[in-house]
Amino acid sequence: METTKNYESVVTNYGIVKLRKDGKSGNILMDYNYYNIEGKKKRRKKSLGIEYNDYNISDAKEWLLTLVMDKEGNFIVRKEIKSKNLLVSDFMKEVKEFFMAEKNRSQTNKTYVSMLENHFVPVFSNHYVHEITTSDLNALFLNIKNKSKYDQAGVELNVKTLRNIKTPISKFFQIAIDAKIITINPMININKSYFKNKKQILTKGKGYDLNTKKELIDNDENHVDPFTEDEIIKLLAAAKGKFRNFIGILFFTGMRPSELICLKWENIDIEGRFLIIEEARTGNETEEETAAGLTKTRSSKRSIDLSEKALHFIKEQYKYSGETEGELFKTQYGEPYKNHDTFTANDWGKLFDKVRKDKAKNHIPNNLNIRHRRLYQLRHSFASINLSGNKLPLLYVSKILGHRDPETTLRKYSKWVDLNKDSSFNMLDKATEAFDSLIA
């Protein structure tokens, strides 16, 4: 756990790079970890040969974001494509090389390459990259969607496929933009309805009883059903030990459970009052993904400012594991948790009076009178509570949550964004109070 900050940092596609001041030369020194071709984690320090000052630090941060990493862990300038008239089949070689160079996301990028080679390249292999239009892509996605089948939960299987291939195709064209083959990503205006799975409609006529329908909806991570402030207070008062710290940190930071379960002390700065999210763990990762540490999306790699309440629960957890390196939360044997299921199965359910039938025999009612929701709803509760009443600006909440853009946040939590006139007037008055003397 760091108490002083003597460096600047930048989050790249390959992890966090710390920019330190070289004690001997006074120049900027890059300090970062990378994974070699055997998948082993290595540390590298390299001088940039320029003086450590605010101006050069700012330039270095921007410069790093334009580079790629080679197999030896060196940051290099991406190769420029000489010709703009490239067939998809030919350009795919460059794209594959780009994906394979990102060692900290190797398994995910292998999946991306596989998706492109199986669904995108066969259709467009003989097309020039710059000639592919949004209409062409809409036709591709519509063709897949028209073959839809459904699983037992009423989810469109091919909608899953569409969502999975949407990201690598978009990345394909973004790489083409960086290579100056095209100027606009044709995925921007794609028909978004192709990627929506309307579960509430798909449960209709499927023969489900009401409880099953409710379970299908409530167990959906995207279903927003937040706790109230009073319910949060009751839950935290009833929870004990490190589990109390776990749900306290979850709520007061808006983190995903999969992010908190692998948060390390080295990524928390108590004095600076922030933490860094750079990986997530659900238990479904491959060995390579676990070693590399992957977040849900690139925007999920982020820093989160810490409130006094969040700091309180972090300091409480320090009593349990702060003297050791690695994760905040560990098993009784000092090992990292594979996922957060232990907390969900053993502790979370006990906070509610209605529990699973197989847990009911030994359950002691706590009379909190709180309806059971998934642990993930603590994240939704952070967003809804802070957006209602204009406690925090939408842009700031979006950054904390790690959403790609504010539109995602607004779409998910629009009903909780406070449009109360009195609250809005108070905010307007406070924003312009520097000019009070004009009307005194």
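The dialogue below treats strands, salt bridges, surface patches and backbone angles in turn.

Me: What kind of model is this, and how are its residues numbered?
Reply: This is a predicted model, in which local features need pLDDT of at least 70, side-chain atom pairs count only at pLDDT 80 or more, and totals for chains, interfaces and linings use all residues. Residues are numbered from 1 along each chain as its sequence is written, and side-chain values use heavy atoms, with hydrogens and water left out.

Me: How do strands β1 and β2 pair?
Reply: Strands (E, at least two residues) and helices (H or I, at least four residues) are DSSP runs numbered from the N terminus, and two strands pair if DSSP finds at least two bridges between them. Here β1 (residues 7–12) and β2 (residues 15–21) are antiparallel, with 6 bridges. They form a hairpin with 2 residues between them, and E8 has L19 in β2 as its bridge partner.

Me: What is the order of the strands in the open sheet?
Reply: In a regular strand, side chains alternate between the two faces of the sheet. The open sheet has 3 strands in the order β7-β8-β9, paired antiparallel. Its edge strands are β7 and β9 (302–305), each of which pairs on one side only. Between β7 and β8 there are 2 bridges, and I268 stands opposite L275 in β8.

Me: How many salt bridges does the structure hold?
Reply: Side chains of opposite charge can pair when their charged atoms come close. A salt bridge is a side-chain nitrogen of Lys or Arg within 4 Å of a carboxyl oxygen of Asp or Glu. The structure holds 14 of them. One joins R371 and D225, at 2.7 Å from N to O. R371 lies in the loop between α13 (341–348) and α14 (377–387) and D225 in the loop between α7 (210–218) and α8 (229–238), so this pair ties together parts 146 residues apart in sequence.

Me: Which residues are linked with R371 in a network of salt bridges?
Reply: The network links D225, E231, R371 and R373. Within it, R373 and E231 meet at 3.1 Å, N to O. R373 lies in the loop between α13 and α14 and E231 in helix α8, so the pair ties together parts 142 residues apart in sequence. As to burial, the terms are buried (under 20% relative accessible area), exposed (over 50%) and partly exposed (in between), with a 1.4 Å probe and protein chains only. R373 and E231 are buried, D225 is buried at 15%, and R371 is partly exposed at 40%.

Me: Which residues form the nonpolar patch on the surface?
Reply: Patches are made of residues with over 30% relative accessible area and no salt bridge; like charges are joined within 9 Å, and nonpolar side chains (Val, Leu, Ile, Met, Phe, Trp, Tyr) within 5 Å. Accessible areas come from the Shrake-Rupley method with a 1.4 Å probe, and for residues only the protein chains shown count as cover. The nonpolar patch consists of F435, L438 and I439, with about 410 Å² of accessible area together. L438 is in the segment after α17 (421–431) and is exposed, at 69%.

Me: Where is K180, and what is its phi?
Reply: Most residues other than glycine have a negative phi. K180 is not a glycine, yet its phi is positive, about 65 degrees. K180 lies in the loop between α5 and α6 (199–202) and is exposed, at 59%.
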